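Here is a guided walk through one structure. Keep the sequence and the 3D view open as you read.

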Amino acid sequence: MLLTFEQAKKNILEAASINYHPLTKKVALFDALDRVTAEPIISPINVPSFNNSAMDGYAVRLSDINQSKLLPLAGSIFAGDDISNLNWPIGTCLRIMTGAPVPDEADAVIMQEQTEQSKSGINFLHEIKIGSNIRYIGEDAKQGAIVVTKGTRLTIPTLSSLATLGIAEITVFDKLKVAIFSTGNELSDIGNPLINNSAIYDSNRFTLKLLLTKLNCQIIDLGIIEDDPNKIKQTLEAASKLADLVITSGGVSVGDADYTKTALEELGQIKFWKIAIKPGKPFAFGKIGDALFCGLPGNPVSTLVTFYQLVQPLILTLTGQNLLASDLSFKVKTATNLKKSVGRLDFQRGVLQVNSDGELEVVSTGQQGSHLTQSFNQANCFIILEQERGNIAKGEFVTVELFNNLLK
Ligand code: AMP
Ligand code: MG
């Protein structure tokens with residue numbers, strides 16, 4: 001009996017929360033891109049830390065303006081000026097630049113463009129609103145307030161805002177150690193000549209390295225292992241001692257040289273094998289010693305789809321990241337017929353686009369075979385077709401899930 005995708009994902013996430021014991025470390029703000037916060041970040045200061053001007057213009061008191069729309073100029077304040085000893089006579093205004101400190105007595109800063117200069121002073125042409133063009137203390141971040149929650153992946157905008165708080169170091173979760181290897185007598189390393197005329201390149205291990213790098217993991221690359229049950233067993237055992245998570249590709253199907261699953265059974269525990277999804281039915285999940293194990297199917301498209309849909313949430317959970325609603329999914333009409341057989345959940349690849357009526361629609365990338373990597377090129381989304389659904393005609397609604405950052 002095949003497991004449904006939802007059951008498989010639930011099992012994986014449960015195992016991840018039991019295995020969750022991430023270490024933390026301090027890193028410099030500059031090195032924190034894509035890392036995950038291990039504790040909430042609290043603002044050490046108010047930002048802005050003083051009231052300041054949002055414009056180049058004039059600081060005024062409302063009481064002065066109510067007396068006269070023409071005020072003589074008493075001086076200038078520049079960004080960076082210390083105004084603790086400022087002398088600002090009643091009945092005058094001050095020239096002030098963007099970012100310069102606004103005196104406490106000022107009720108507003110008036111844009112230069114809304115004034116006219118004359119020999120006797122500045123003419124204020126428009127109605128004046130209290131507080132206009134003043135950026136108030138703590139308006140962006142309050143001292144002592146949580147500005148980033150625990151479990152947040154740090155992006156450039158977030159790090160940029162932390163820089164405004166003067167934060168130089170952050171406590172993040174340590175990198176997850178992931179051991180990988182490929183199985184298959186047919187595999188040659190990219191960069192080398194193919195070993196014989198039935199050989200292929202080991203593209204999966206290359207892809208896994210890219211995916212794991214993007215997810216900020218520490219990769220232990222154990223290379224290509226031939227289809228030999230003892231060698232696979234030895235490598236699996238060694239991998240489980242080196243890493244928190246072991247990922248293999250190939251050898252988990254029902255062929256006579258598919259030894260990975262048997263080795264897993266002998267060394268550890270299989271939690272499940274085979275899911276009602278397409279591509280990626282033969283996906284093995286289990287545990288060897290303290291390490292979790294994911295055996296990905298060998299076909300390159302299956303490797304990528306199962307990694308994205310199942311290994312990605314596993315790694316996010318193991319590294320303390322909140323599984324946010326970052327995976328945007330919604331229903332749109334398909335502009336092409338879609339071939340689908342009943343019984344498995346399909347993760348077809350598509351292009352979400354805007355048609356000539358300005359409406360969103362999805363088109364298939366064409367042939368969807370799990371060996372056809374071209375089906376992923378140009379795609380920007382998965383077309384997720386429910387298990388019990390059959391062929392789908394042009395114009396029917398389908399669920400589309402936009403690729404997240406991992407595939408971009
Ligand atoms: P397997 O799961 O080992 O039966 O492999 C299924 C298909 O994927 C076969 O056509 C393999 O040649 C191919 N394959 C297996 N491993 C890799 C790999 N590392 N890179 C590219 N293709 C692979
Ligand atoms: Mg194989």
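**A proline in a loop**

Pro 279 sits in the loop between strand E20 (277-278) and strand E21 (284-288). Helices (H or I, at least four residues) and strands (E, at least two) are DSSP runs, numbered from the N terminus. The peptide bond that leads from Lys 278 into Pro 279 is cis, with omega near -5°.

A word on the ground rules. This is a predicted model, in which local features need pLDDT of at least 70 and side-chain atom pairs count only at pLDDT 80 or more, while totals for chains, interfaces and linings use all residues. Residues are numbered from 1 along each chain as its sequence is written, chains are lettered from A and ligands numbered from 1 in the order in which they are written, and side-chain values use heavy atoms, with hydrogens and water left out.

Pro 48 brings another cis bond: Val 47 and Pro 48 are joined by one, with omega at about -5°. Pro 48 belongs to the loop between strand E2 (41-42) and strand E3 (52-53).

Now step back to the domains. The domain assignment of the protein gives domain 1 (5-23 + 175-318), domain 2 (24-47 + 139-173), domain 3 (52-135) and domain 4 (329-407). Such bounds come from an automatic or database domain assignment. The centres of domain 1 and domain 4, taken over C-alpha atoms, are 26 Å apart. Their contact takes 19 residues from domain 1 and 23 residues from domain 4. Contact here means heavy atoms within 4.5 Å.

What lies between these two domains? The largest nonpolar core has 43 residues, and those with the most contacts inside it are Ile 247, Phe 283 and Phe 307. Domain 1 and domain 4 both give residues to this core, so it lies between them. A nonpolar core is a set of buried Ala, Val, Leu, Ile, Met, Phe, Trp, Tyr and Cys residues joined through side-chain atoms within 4.5 Å. Buried means under 20% relative accessible area, exposed over 50%, and partly exposed in between (1.4 Å probe, protein chains only).

Several elements each supply at least two residues of this core, among them helix H1 (5-18), helix H4 (203-214), strand E18 (245-249) and strand E26 (381-385). Helix H7 gives the most, with 11 residues. Look next at Ile 247. Leaving aside neighbours within four places in sequence, its contacts include Val 178, Ile 180, Leu 208, Cys 294 and Phe 307. Apart from this core lies another, of 16 residues, including Ala 239, Val 246, Leu 264 and Ile 288.

Which residues are closest to ligand 1? They are Glu 186, Asp 202, Gly 251, Gly 298 and Asn 299, out of 16 residues that surround the ligand. A residue counts as near a molecule if one of its heavy atoms lies within 4 Å of it. A polar side-chain atom of Glu 186 is 2.6 Å from an oxygen atom of ligand 1. An N or O atom in the side chain of Asp 202 lies 2.7 Å from a nitrogen atom of the ligand. A polar backbone atom of Ser 203 is 3.3 Å from a nitrogen atom of ligand 1. Taken alone, ligand 1 exposes 490 Å², and the protein buries 77% of that. Accessible areas come from the Shrake-Rupley method with a 1.4 Å probe; for residues, only the protein chains shown count as cover.

Two residues other than glycine have positive phi values. Asn 216 has a phi of about 65°. Asn 216 lies in the loop between H4 and strand E17 (218-225). At 16% relative accessibility, Asn 216 counts as buried. Gln 378 has a phi near 75°. Gln 378 is in the loop between strand E25 (360-364) and E26. At 69% relative accessibility, Gln 378 counts as exposed.

Ser 375 is also found in the loop between E25 and E26. Is Ser 375 buried or exposed? Ser 375 is buried, with a relative accessible area of 2%. The side chains of Ser 375 and Arg 349 are joined by a polar contact of 2.8 Å. The side chain of Ser 375 also reaches the backbone oxygen of Leu 372 at 2.8 Å. A polar contact is a pair of N or O atoms within 3.5 Å; within protein, one must be able to donate a hydrogen and the other to accept it, and residues adjacent in sequence count only if both atoms are side-chain atoms.
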